[in-house]
Amino acid sequence: MNSNSTDSSPDIVAVLPAAGVGSRMRTDRPKQYLTIGSKTVIEHTIFSLLQHPKIQRIVVVISPEDKLFSALPVAQDPRISTVVGGEQRADSVLAGLQHVGNASWVLVHDASRPCLHLDDLNRLLDIINVSKVGGLLAVPVRDTIKCVSVGMAPVLHTVERENLWHALTPQLFPFKLLLFCLSHALNSGITVTDEASALEYCHYHPVLVSGRSDNIKVTYPEDLALAEFHITRLHSY
Ligand code: C5P
């Protein structure tokens, strides 16, 4: 619980995986260090979390070669600490969790998702009142989905999309539960591309919170202009 004895709200720590190299961006630096307006992508992401009074601490997971994060003004913020990540995103998240120390809940958010809206963050945090397992932001699949045998092979069939959702971040879980499930899944050799799948592997069922589709992950060069567009509009509605 929060160290402030007059405040009974749960202690929430954010973990920000930022140790990827972003090879799909084809740029000279990892995508989280590209700029949108006067700030880098990762600064926009950090500020989107710190705008919520319940997020008092953020563990930023960086790569062993990272020389850029410590040069950002935000690195001096006392609410921010850093730890070195691993080969896969899940390894980085685990390193972040191991650095958290103690918390009731942990919120994991990709450094490369700078357009998080406060309404989405609020609705995700509300699940603390209704769930002991936690949950994630997600958006319904809107395009028709095709299945192939491998790569660019011809279409085998169309997948029924009615009950399909895109998993986004942030994802919010009880700290000890996520630490246990992620460690267990990784030790079992399971491919873990988001936190929820680690819980699913351990037979828990995270809650889906319908989120905004503008919470995009900057992955391809063309995503940067789109992220800039969304960030410019974020504060106007
Ligand atoms: O590669 P992808 O877009 O799925 O990465 C999502 C987030 O995970 C990014 O913020 C990236 O920096 C982070 N990541 C990480 N450690 C890795 C790979 C990715 O922290 N080994």
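Biologist: Is glutamate 195 buried or exposed?

Modeller: This is a predicted model, where local features need pLDDT of at least 70, side-chain atom pairs count only at pLDDT 80 or more, and totals for chains, interfaces and linings use all residues. Residues are numbered from 1 along each chain as its sequence is written, and side-chain values use heavy atoms, with hydrogens and water left out. Buried means under 20% relative accessible area, exposed over 50%, partly exposed in between (1.4 Å probe, protein chains only). Glutamate 195 has a relative accessible area of 1%, so the residue is buried.

Biologist: Which residues does glutamate 195 touch, not counting residues up to four places away in sequence?

Modeller: Contact means heavy atoms within 4.5 Å. On that rule, the residues touched by glutamate 195 are Arg89, Val93, Val108, Gln171, Phe173 and Leu178.

Biologist: How far is the sulfur of cysteine 181 from the closest cysteine sulfur?

Modeller: Cysteine 181 is buried, at 0% relative accessible area. A disulfide needs a pair of cysteine sulfur atoms within 2.5 Å. The closest cysteine sulfur belongs to cysteine 202 and is too far for a bond, because the separation is 3.7 Å.

Biologist: How many disulfides does this rule give?

Modeller: The sulfurs of cysteine 181 and cysteine 202 are too far apart for a bond. By the rule, the disulfide count is zero.

Biologist: Is cysteine 147 buried, exposed or partly exposed?

Modeller: Cysteine 147 has 24% relative accessibility. Therefore cysteine 147 counts as partly exposed.
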